[in-house]
Amino acid sequence: MTLLDRYVGRIVAGAFGASLLFFVFLSILIDMLNSLPKYMDNAAQDGTTGWGLAVELLAYYASLVPATIVTVTPFVTVIACMFAFARLQNANEVVAMLFTGRSIHRVLAPMLLCGVVAGLGMAACWQWVVPVVAPTLTNAEQRIRGQSVLQENLVYEVRGELDKRLSVQTYDPVTRTMRGVSMLVEGTLALETTLTEAAAAVWDPQQKDWRLEQGRLVTNRGYVPQAWLQRSDVTPAVLSQLATNQIDLDLLSYTSLLELAELRSTRADVRLALHRHLTLPLSNVLLLLLALPFAVRYERGSRTGRLLIAIGLCAGYTVVDITCQNLGQHGLHPVVAAWSPPIVFGALGVVLFGSTRS
């Protein structure tokens, strides 16, 4: 990168940071203003003090920040780059760069790089940050909304050469703890039938198995102590999916969505969420290709109209994306629903960006 690239990059980075803080703060403020009366009513019913409610709200909104970031980042990227380019134009620095022999596409290259970095950051946040704070977010949200965290009476069955039936009395998704665990394994022969019982089981992410408390393996010859459930296929994501068909798929990582898609191959919403985890980071670049050509102007006069057109195109992308998402859950193929907006608007963005004149 040249000196001019680093100069433009610093301006874009500053605008991106300011825009991101503004959007995250605005999202949290709107949610708090809309939900605070309900939170206070639930706290009064539970006997929670004002200080206790403040601590719970702080933990909730702190864990909500990563999920908010992956939602608003594409719009933050567009707005930051638009403001950065407007600053350069107001200072007549764009014309000076063009006089050095650079094309307008070369001038805008650091902004497109910002879109690529923002998309990679979204993907990394979805994979490694959001799933970590998701249990805390779910627990805090359910507590301040007066909902129960525990999931009761879960049953998971696998049919095959050996039929396996796992029964759980209660499951806590926050601590990843099962209580009242019973797993029956039935074979064609009586010798192949076993029963594993435990007072509790805690998920061990390193062993990728459940550590049993007071566990024992019962056979026709008696019973022996059992330390592990030996069911790595029954992950916490699987248990959460058993409890409800309306889990928040936006809080799952790419790995968890892949596992869930294999277990529930008939669920269109899971496949749609998996593909949207790919298209949303990509939209950082696509929206820039749509918006930046309207920010470039050399004539005198107001640029409000061109900015409104750019914002309208971004809003149109969002509307089409939401519409396709709804259609993907009601008959339209998930791949078509997820990838149609990026393909259509991406092609339009490439044409508009390529026709930008220096």
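A residue is called buried under 20% relative accessible area, exposed over 50%, and partly exposed in between (1.4 Å probe, protein chains only). The model is predicted, so local features need pLDDT of at least 70 and side-chain atom pairs count only at pLDDT 80 or more, while totals for chains, interfaces and linings use all residues. Residues are numbered from 1 along each chain as its sequence is written, and side-chain values use heavy atoms, without hydrogens and water.

**Aromatic pairs**

Rings of Phe, Tyr and Trp (its six-membered ring) pair if their centres lie within 6.5 Å; planes under 30 degrees apart are stacked, over 60 edge-to-face, and the rest tilted. The count under this rule is six aromatic pairs. Two of the pairs are tabulated below.

| Pair | Centre distance | Plane angle | Class |
|---|---|---|---|
| Trp203 and Trp210 | 5.1 Å | 65 degrees | edge-to-face |
| Tyr317 and Phe345 | 5.3 Å | 85 degrees | edge-to-face |

Tyr317 lies in helix 9 (residues 304-328) and Phe345 in helix 10 (residues 334-354), so the pair joins distant parts of the chain, 28 residues apart. Helices here are DSSP runs (H or I, at least four residues), numbered from the N terminus. Phe345 has 12% relative accessibility and therefore counts as buried; Tyr317, at 5%, is buried too. Trp203 and Trp210 are both buried. Ring pairs also link Tyr39, Tyr60 and Tyr61 into a cluster.

Note on methods
Helices (H or I, at least four residues) and strands (E, at least two) are DSSP runs, numbered from the N terminus.
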